[in-house]
Amino acid sequence: MPIRRTPSGSRASSASGPGASRQPSAPLGTHSHSSGAKKPRVAPSRASHVSRASLSPAAVKSARRRPAGVRGSSSANAVHRRDGDGLSLNLPGGGQATITRRQMVMGATAVAGLALLGSGAYAVSELLPEAPSGVPVLEVPESAVFTSDGLDQMEGDCPLGLATTINLPYGSQVYANGDTYGVALVPGEEARPLNSISLLGLGNGTDNTVVAHAVGQDDGFEIYDVRGCDQGIVWAEANILRDTWRIYTATLIDGALGEPALAQEGDEAWEMPALAAAGSCGWWQRVPRKNGAARTQPSQLCRVMFGTDDAEVVYEAKGRPATAPYGGGSYVVTTPRADTSGVRYQLTCLDANSGEVLDTLILPSSMSPLETSYGPNGFSFAFDGIYSFGDGISNLGTYYPMEAPEGTAQVGAARVEGETQRAATIVPASSAEVNAQRYSSAPWFRFARAPVSAPAWCGGWTMVKSTAAVLAVDLPNKRYYALETKPGSDTYGDFLASTGINQKVVTFSNIDHTDIEGENERTCLVRVWSA
């Protein structure tokens with residue numbers, strides 16, 4: 001698809017992901033070392049895409065930031081109230097939506113989406129397959145797919161070391177893209193602020209509140225989502241009564257957060273953005289709301305250098321993207337509509353610093369992934385339903401090449417038992433036919449569980465979220481180890497917080513457990529594992 005530079009406007013947004021409404025198959029089981037493991041009810045949020053441009057450095061122009069601890073008064077305009085373990089949102093028009101703590105794990109963007117549903121958001125209908133059109137797409141025979149049911153379970157000591165643990169308030173959500181810092185969206189103890197942002201030290205186990213409340217708290221805004229990497233953080237604030245949102249970023253240097261800078265804002269014409277943090281930039285998807293005033297506008301993947309206001313469009317495409325952006329340490333993955341007739345989604349890996357396209361892959365017509373990512377072996381994607389077409393990639397689960405196809409972008413290094421494994425050198429993604437051929441000729445792995453998060457990579461281990469536990473999968477040796485889950489964990493068990501290729505991986509679980517002596521533990525347990 002031709003890529004063109006497009007200036008970012010003053011308004012924006014992202015997607016809750018265009019995907020077909022399909023009937024998922026039943027979970028295939030659970031992998032856990034603890035008793036009483038429960039099946040998850042978590043569905044990850046979806047999102048959007050964009051067009052390429054170089055990033056021009058800009059002077060830092062920071063927005064006003066209120067001192068930590070300063071709170072706005074509780075007024076008639078307050079739209080949130082706590083109700084037991086849940087959160088009630090007063091919606092425009094007098095409606096009300098109650099979100100439980102379990103639903104909060106879906107992501108703050110999803111919570112905002114629930115609020116918007118109260119004022120008439122859209123539903124996406126199922127897409128039907130089209131007749132073949134000659135477009136080069138991924139084609140994998142069933143004989144080339146190895147499933148997780150064939151993996152051997154490892155016993156004994158965990159191959160990953162437990163580096164540190166952090167305890168956060170119950171209901172927190174954790175995100176990590178790097179080996180030094182993670183971020184957490186922490187629920188407030190009162191109606192306002194709704195959430196705060198904490199910076200987590202992955203080496204020393206520290207927990208520091210870096211954004212105590214929304215920059216726009218006095219204007220009725222609350223923090224709804226956050227992502228971070230070792231260079232900075234990006235977060236979204238929204239005023240759901242006015243149906244407006246804002247994107248802020250700030251630099252991160254030696255554990256200190258710089259002043260927040262307003263990157264972009266949007267109104268009811270645009271969906272709530274989905275976020276990613278990678279390289280030296282904050283990223284978000286700008287997607288017009290269906291039937292909204294901007295419905296004829298293209299979807300865009302935008303970025304800005306941390307702590308600046310010079311936002312730009314990096315990738316642009318017609319239609320709606322299939323997934324939220326996925327941030328790796330030095331790359332970002334997005335899933336725009338391919339520039340073809342019909343509905344086809346193009347997995348696209350971009351260099352986080354230059355914005356150049358590193359790799360692409362077009363899926364068969366009407367196949368809409370729930371999650372996409374990129375590891376040492378190339379693209380990974382997940383389906384939350386079963387297709388009646390597609391041969392080896394038609395089933396529910398997460399797909400990832402067993403080995404790197406020739407020309408896979410070198411985005412990281414991996415290690416298994418002391419042996420370094422690196423992806424092949426970068427080949428420009430200039431030919432959809434070449435890319436389809438090299439991925440179609442590779443052997444594939446399918447993790448046969450209902451997907452709830454994209455995989456990450458720690459050393460040479462492929463980290464995947466199973467029904468209750470997070471698994472470390474050794475693909476070359478076809479074996480796995482299930483990280484221990486704690487008693488009292490919420491229905492989703494342990495959750496994978498990390499993205500990208502690193503030497504550490506972060507998991508978290510919200511625990512509400514009373515032991516036989518009557519002692520109650522109510523916390524969000526964050527665990528940092530090292531290869």
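A contact here means that heavy atoms of two residues lie within 4.5 Å. Among the contacts in the protein chain between residues at least 6 apart in sequence, 64% join residues at least 24 apart. This is a predicted model, in which local features need pLDDT of at least 70 and side-chain atom pairs count only at pLDDT 80 or more, while totals for chains, interfaces and linings use all residues. Residues are numbered from 1 along each chain as its sequence is written, and side-chain values use heavy atoms, with hydrogens and water left out.

**The chain as a whole**

- The protein chain contains three helices and 37 strands, where helices (H or I, at least four residues) and strands (E, at least two) are DSSP runs numbered from the N terminus.
- Of the 531 residues in the protein chain, 59% are buried, a word that stands for under 20% relative accessible area, with exposed meaning over 50% and partly exposed in between (1.4 Å probe, protein chains only).
- The protein chain exposes about 20,000 Å², of which carbon and sulfur atoms supply 46%; accessible areas come from the Shrake-Rupley method with a 1.4 Å probe, and for residues only the protein chains shown count as cover.

**Nonpolar cores**

- A nonpolar core is a set of buried Ala, Val, Leu, Ile, Met, Phe, Trp, Tyr and Cys residues joined through side-chain atoms within 4.5 Å.
- The largest nonpolar core has 52 residues, and those with the most contacts inside it are Leu 138, Phe 381, Trp 444 and Met 463.
- Strand β32 (residues 470-474) gives this core its largest share, which is four residues.
- A second, separate core of 22 residues includes Ala 263, Cys 302, Phe 306 and Val 313.

**Phe 381 and its surroundings**

- Phe 381 belongs to strand β25 (residues 378-383), and Phe 381 is buried, with a relative accessible area of 1%.
- When residues up to four places away in sequence are not counted, Phe 381 touches several others, among them Leu 138, Leu 347, Ile 393, Thr 398 and Trp 444.
- Although Phe 381 and Thr 398 are 17 residues apart in sequence, they are 5.8 Å apart in space, C-alpha to C-alpha.

**Aromatic rings**

- A search of the whole structure finds 16 aromatic pairs; rings of Phe, Tyr and Trp (its six-membered ring) pair if their centres lie within 6.5 Å, and planes under 30 degrees apart count as stacked, over 60 as edge-to-face and the rest as tilted.
- Phe 381 and Phe 383 form a tilted pair, 5.3 Å centre to centre with 55° between the planes, and both residues are buried.
- Phe 383 also pairs with Tyr 387, in an edge-to-face arrangement at 5.1 Å centre to centre and 70° between the planes.
- One aromatic cluster includes Phe 381, Phe 383, Tyr 387 and Trp 444.
- Arg 246 lies over the face of Phe 221, at 4.0 Å from the ring centre, and Lys 478 lies over the face of Phe 146, at 4.6 Å from the ring centre; a charge sits over a ring if NZ of Lys or CZ of Arg is within 6 Å of the ring centre and within 35 degrees of the ring normal.

**Cysteines**

- A search of the whole structure finds zero disulfides, a disulfide being a pair of cysteine sulfur atoms within 2.5 Å.
- The sulfur of Cys 158 is 9.5 Å from the closest cysteine sulfur, in Cys 458, which is too far for a bond, and Cys 158 is partly exposed at 26% relative accessibility.
- For Cys 229, the closest cysteine sulfur is in Cys 281, at 8.8 Å, again too far for a bond, and Cys 229 is buried at 3% relative accessibility.
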